[in-house]
Amino acid sequence: MNEIKTLIWKEVTLEWRQKYALSGMLLYVVSTVFVCYLSFNLRRNQLTPIVWNTLFWIILLFTAVNAIAKSFSQERYGRLLYYYNLCSPQAIIISKIVYNSFIMLLLSTFGFIFYAFVMGNPVGDMGLFSICMLLAAIGFASVLTLVAGIASKADNSATLMAVLSFPIIIPMLLMTIRLAKNALDGLDWSVSTDEISTLLSIDLIVITLSYLLFPYLWRS
């Protein structure tokens with residue numbers, strides 16, 4: 001736990017020194033939402049709750065890819081060798097998943113507030129929608145962090161990351177959109193138990209696989 005806490009604090013310190021990275025992600029969210037607003041401003045009748053929901057999660061997905069893709073690619077070889085001699089691989093991957101989950105929660109919350117302010121807020125159950133954002137943020141962060149670690153070992157890491165993450169991200173995105181749709185309609189929580197349990201299971205499976213498989217990747 002001490003290693004994980006130290007590594008998380010290291011990530012926070014580096015992010016604070018390089019404020020342009022987080023500022024760039026926030027600017028990306030704001031500019032994308034504003035472009036969507038300009039696109040639908042002339043045709044408000046076409047912005048149905050289903051379109052609102054799908055558009056929001058697509059924006060968050062691309063934000064997650066841009067924010068987490070640099071998890072391992074920005075690390076220099078000398079620093080990775082220093083980590084290899086100092087920390088366990090399990091602590092490294094868990095710390096990056098926790099930190100990226102926090103970043104995704106921050107971007108999701110900011111994105112939703114600005115998106116709802118500009119495009120309206122048709123959500124009927126904010127509690128269920130908040131749970132959906134929490135599970136989606138953890139899921140996106142864990143999947144993309146593991147894939148970023150695998151892709152960093154290859155030359156064309158951006159293409160490999162897109163190819164590896166696609167089979168896992170798409171089912172998770174579809175389940176997230178379905179759960180968010182139930183929140184928009186204000187349905188009872190009992191209707192969404194299957195979606196919540198499925199998303200939670202995917203998150204736990206990916207985190208467990210990262211914990212078990214990353215040491216073999218790290219050793220190479």
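Ile205, Leu209, Tyr211, Leu212, Leu213 and Tyr216 form a nonpolar patch on the surface of this predicted model, with about 620 Å² of accessible area together. A patch here takes residues with over 30% relative accessible area and no salt bridge, joining like charges within 9 Å and nonpolar side chains (Val, Leu, Ile, Met, Phe, Trp, Tyr) within 5 Å. Areas come from the Shrake-Rupley method with a 1.4 Å probe, and for residues only the protein chains shown count as cover.

The model is predicted: local features need pLDDT of at least 70, side-chain atom pairs count only at pLDDT 80 or more, and totals for chains, interfaces and linings use all residues. Residues are numbered from 1 along each chain as its sequence is written, and side-chain values use heavy atoms, with hydrogens and water left out.

**Overall build**

- The protein has 9 helices and 0 strands; helices (H or I, at least four residues) and strands (E, at least two) are DSSP runs, numbered from the N terminus.
- Of the 220 residues, 43% are buried; buried means under 20% relative accessible area, exposed over 50%, and partly exposed in between (1.4 Å probe, protein chains only).
- Among contacts (heavy atoms within 4.5 Å) between residues at least 6 apart in sequence, 83% join residues at least 24 apart.

- Tyr211 sits in helix α9 (residues 193–219).
- Its relative accessibility is 40%, so Tyr211 counts as partly exposed.

**Nonpolar cores**

- The largest nonpolar core has 51 residues; a core is a set of buried Ala, Val, Leu, Ile, Met, Phe, Trp, Tyr and Cys residues joined through side-chain atoms within 4.5 Å.
- Trp57, Met119, Phe129 and Phe140 have the most contacts inside this core.
- Helices α2 (19–41), α3, α6, α7, α8 and α9 each give two or more residues to the core.
- Helix α7 supplies the largest share, 14 residues.
- Beyond its neighbours within four places in sequence, Phe140 touches Leu61, Ala64, Ile68, Met104, Ile169, Met172 and Leu173.
- A second, separate core of 9 residues includes Cys87, Ile92, Ile93 and Leu217.

**Aromatic pairs**

- The count comes to 11 aromatic pairs; rings of Phe, Tyr and Trp (its six-membered ring) pair if their centres lie within 6.5 Å, with planes under 30 degrees apart called stacked, over 60 edge-to-face and the rest tilted.
- The ring centres of Trp57 and Phe129 are 6.0 Å apart and their planes lie at 45 degrees, so this pair is tilted.
- Trp57 is in helix α3 (residues 49–68) and Phe129 in helix α7 (residues 126–151), so the pair ties together parts 72 residues apart in sequence.
- Both Trp57 and Phe129 are buried.
- Phe112 and Phe129 make another tilted pair, at 5.2 Å centre to centre and 40 degrees between the planes.
- Phe112 lies in helix α6 (residues 89–119) and Phe129 in helix α7, so this pair links parts 17 residues apart in sequence.
- Trp52, Phe56, Trp57, Phe112, Tyr115 and Phe129 form one aromatic cluster.

**Salt bridge**

- Side chains of opposite charge can pair when their charged atoms come close.
- The structure holds 1 salt bridge, defined as a side-chain nitrogen of Lys or Arg within 4 Å of a carboxyl oxygen of Asp or Glu.
- Asp185 bridges to Lys181, with the closest N and O atoms 2.5 Å apart.
- Both residues lie in helix α8 (residues 157–185), 4 residues apart, about one turn of the helix.
- Asp185 is partly exposed at 41% relative accessible area, and Lys181 is partly exposed at 25%.
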